[in-house]
Amino acid sequence: MTAESYRRRNTAVRILLYLSLGIFVFIALIPFYWMFLASLTPRHQLFSIPPNYFPDVTADNFAALIHQIPFIAYLVNSLVFSAASVLLSVILSFLAAYGFARIEVKGSSILLLILVLSMALPPIVTVVPLFQILRTLGLIDTITGITLVMGSVLIPFSVWVLVSFVKRVPVEMEEAATIDGARLFQVLWYIVIPAMVPALATIIIINFINAWNNLLFPLVFSHTEASKTLTVSITEVFQARTPYGRPWGVISALGVTMVVPMIILVLTAQKWIVSGLTRGSIK
Amino acid sequence: MIHKKAFLAVLCILAAAAMVLPAAGAREPEPEKIVVGVGGWAVEPTQRAVEELGFTEETGIEVEVVTRPGSPPEFLSQMSSAILGGTSPYDVIDIEDDVAIGFSRSGWLVDLDPLFDDEFWDDWPEAMLEMTETWSRHGGELFRVPHNYEAQYFWYRKDILDSYGLQPPQTWDEMVEVGKAVTSGDRYGVSDGLAQGAYLGVYITYLTQQAGGNVYDMGPEFEEALQFLYDMIHVHEVFPISALDKDYDQVNNDYMQDRVVMMRQWPFFYGVARSNPDWFAEDKAQVALPPAGPAEQVAYAGSWGWSVPTTADNMDGAMKFVEFMSRPEHQGPLAEIDTWFLSARDSCLEYMDGRGMAEYLELYSDAGVIGTRPFHPAGQEAHTVVEETAAAYLTNQMTLRQAVRQGRQRMADLD
């Protein structure tokens, strides 16, 4: 094969690759495009035939959203709930993962397996006992209550992921620090955590997205705007003074307000996520 | 290597912190009040009703009106865990037929009969009483008091029919004939939202009732209804096949974009049409009596009503609220506040005197065309069988005989 033919083939492969990627990205972005478009489309143009790709732009759907639900309260609740769930789950998972990776206890691998298997339990079957527990603790309709539940749900996956990352941190580094007089927290803070920043960042992002999008727990355990989150509002928005019909414009506006923070978060942390995911897959 | 004791000490500290954290979130018990859960669309009207009718002044009980999840599955998720946990987010709930059936059979709703004497029911027309008996009673107990009465109306474009010199159809045959006359280009004579997931089943139930049967029996009347709809779509071509993928919003928009001349729709279209001032004119959204089928001229009604969960925190207050909102003297003012509270009770229609949607409810009520919604104890499952049977035939996946035979078998399996 001559250099010229190799170059041509290489160019053709690249074109094909970019074309495929372009098609994939296009298909993946269509729902987002449609959601943004619907959120800005006047109600009576939403179902026009043929579809109107450049409708009159209106903020009515966002105004309806803010009018129909206590938007700011729900948004703040969502942020607090997601951030607190992440904090709780990541701190506990990190410590648990460290324990599983570093402390040799009989049956610890079985314990880890049980923890991982608990992820297979459908969340819906846990809501009744959880409700009774939260009620006993006086935590129904509180951010604290849903945070404890969400945090505990996020822990098994986080532990499972983090254990392998902890094991990859050379134990000799910790031993050296201990010999130099470092205490447990110092070892964790100065040795282990810096070595695991990409992994922790990845878990933080994944857990944040999971908590942010969670509907079940806020739906079941939150009854007032004191603890309801934005996801619950999707069950509350309406089109008119009627139970019939879906307010697609308002739902799209809600979708936009929920997706935009996630897009910003993921784009900001993109480098860490990719780094964390790829590190976890390499031995 | 880290010492085990040190690690365990850290865990103990965190566990202690977790025990202290809940105390910060605990809330003080509320004073005397009730929480009323209604759909988002009904929050404002209910708040107004409570204020204008003076419930708090009369009873001293404060009312917090909150939004309950709008769709039954989400509402069920929320309520089931609460009720099984021995409590309820709401003292009073506003519930629809489907939810009422499920909740009452689960024993989650209080018997409301003790609130009312025999005289109370004198205000109720026969059709509403029959509907209440079917959809709001179980085991002899009244578990819901309907506060509205939502019939299905036959909406038509008077302006278009007038331009053809036509009158609204009185029978199925006339509907086809009028449909043929006005169908042209991308405009169809008749349409409806027929997407699976509630919509299709509603229309098939409506047609089967007009053919003289109960949709859940899947008898000859059901077959006749399916055949009629199939012919309108595939033979006469006066009903768009695309309707099989449409919900109410879409068919409403077709109607308001002049692509549909006649449609069956719930009363909410009254407000939808008027909320589109660029399009609306009185003669574009008129209501006629439903075209009669082979057996009768009928359109069934659904309802929403007040119920009290057995685990309500303030049971006494909840019962007072239901009694207060159901009084005959309050029905008219309630309907005036919002059509969400419009019913066919004598006190309500007398007070409304033909204003707004009451004009059409009175028309249907006086003509005696409002029937009771067919009931099946399996509820949603039976409805799904109806829809899947109908869809299999209407989309040419099966012959009518095959589809109905399969449907009957599935329906029998539910019993």
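A salt bridge here is a side-chain nitrogen of Lys or Arg within 4 Å of a carboxyl oxygen of Asp or Glu. By that criterion, the count between domain 1 of chain B and domain 2 of chain B is 0 salt bridges. Keep in mind that this is a predicted model.

Let me go back to the domains themselves. In the assignment for chain B, domain 1 covers 33-149 + 303-372, and domain 2 covers 160-301 + 378-414. Their C-alpha centres are 29 Å apart. Domain 1 of chain B puts 13 residues into the contact, and domain 2 of chain B puts in 15 residues.

Next, the area. Between them, domain 1 and domain 2 of chain B bury about 1200 Å², with 66% of it on carbon and sulfur atoms.

As for secondary structure, on the side of domain 1 of chain B that touches domain 2 of chain B, two or more residues each come from helix H16 (358-367) and strand S14 (370-372) of chain B. H16(B) gives the most to that side, with 4 residues. Sorted by class, that side of domain 1 of chain B has 9 nonpolar, 3 polar and 1 charged residues.

Key
Residues numbered from 1 in each chain as written. Chains lettered and ligands numbered in written order. Predicted model: local features only at pLDDT ≥ 70, side-chain atom pairs only at ≥ 80, totals over all residues. Heavy atoms only, no water. Domains from an automatic or database assignment. Contact = heavy atoms within 4.5 Å. Buried area = accessible area lost by both parts, 1.4 Å probe. Nonpolar A, V, L, I, M, F, W, Y, C, P; charged D, E, K, R; others polar.
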